[in-house]
Amino acid sequence: MNRPLSRRNLLTSLAAIPAVALIAACSDSGEDAKAADVKPANPSTPAKPATPAAAKVPEAQGTVDMAQLLKPGALPEKQLGKDDAKVTIVEYASMTCPHCAHFNETTFPELKTKYIDSGKVRYILREFPFDPSAEAGFMLARCAKDNYFPMVDVLFKQQPSWVGVNNTKEALLQISKLAGFTQESFEACLTDQKLLDDVRAVQKRGADEFKVDSTPTFFINGKTYKGAMSIEEMSAIIDPLL
């Protein structure tokens, strides 16, 4: 669960965040936040050779009003793809969630090539951090401006090097320097109270209005899907909508 943190407290707390606080990255329920959650996630169905047409369509766990979902929030939307795409995917993710990192590594590249780059899907990523490290990761991605998605990608790919380590702040600083940050711009980003408040507002809205309680959570043309899906599963959902 998130606790109110002051500007300085967020920055200094990154130097020694207890591992137990990071284990809960994929759920805001203490009952669900088991140590097993830090293991690499698997697709919701066993990996096996399949074509999109052969994959079983995952069952939706609810619906939301797309007009409400797409209303502007506390932060400008970070999206890929065309505004007039037939399918809109909104993902709520946490930077410290291993399931989100697994989706980013195994499914997202093909999703981007097959559907987003071809104009069939508009993809929106929204922040849903469960801990101070995840908040910091998203803040740094926002501060990277036009490099938001590349920064998110790097942080997901290098998740083991900065999540649950002895000095998260230093680990994030080293990654940030490779992305063009200086010590000064790094600290300025993580002491930006308005940005921190806005990131939290995005999360609060997701929880309050759209019942997001775990990551990743996807809304695909208004239907809710929870968990890291394979490209076959996503294709089974997307293709009938095109």
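**A tour of aromatic pairs and salt bridges**

Begin by selecting Y123 and F149, both of which are buried. This is a predicted model. The rings of Y123 and F149 form a tilted aromatic pair, with 6.2 Å from centre to centre and 50° between the planes. Y123 belongs to strand β3 (residues 121-127) and F149 to helix α7 (residues 148-157), so the pair ties together parts that are 26 residues apart in sequence.

The count for the structure comes to 8 aromatic pairs. For another of them, select F103 and F218, whose rings are tilted at 55° between the planes and lie 4.7 Å apart, centre to centre. Here the pair links distant parts of the chain, 115 residues apart: F103 is found in helix α4 (residues 98-106) and F218 in strand β4 (residues 217-220). Both F103 and F218 are buried.

Next, select Y92, F128, F130, F210 and F219 together; these residues form one aromatic cluster.

The tour now turns to charged side chains. Side chains of opposite charge can pair when their charged atoms come close.

E77 sits in the loop between α3 (66-69) and β1 (78-80), whereas R126 is in strand β3, so the pair ties together parts that are 49 residues apart in sequence.

For the second stop, select E135 and R200. Their salt bridge places the closest N and O atoms 2.7 Å apart. E135 lies in helix α6 (residues 132-143) and R200 in helix α11 (residues 193-210), and the pair links these distant parts of the chain, 65 residues apart. E135 and R200 are both buried.

For the last stop, select K226 and D213, which form a salt bridge with the closest N and O atoms 2.9 Å apart. K226 is in strand β5 (residues 223-226) and D213 in the loop between α11 and β4, 13 residues apart. K226 is partly exposed, with a relative accessible area of 33%. D213 is also partly exposed, its relative accessible area being 36%.

Terms used
Residues numbered from 1 in each chain as written. Predicted model: local features only at pLDDT ≥ 70, side-chain atom pairs only at ≥ 80, totals over all residues. Heavy atoms only, no water. Phe/Tyr/Trp six-rings, centres within 6.5 Å; stacked < 30°, edge-to-face > 60°. Helix = DSSP H or I, 4+ residues; strand = E, 2+ residues; numbered from the N terminus. Buried < 20%, exposed > 50% of the residue type's maximum accessible area, 1.4 Å probe, protein only. Salt bridge = Lys/Arg side-chain N within 4 Å of Asp/Glu carboxyl O.
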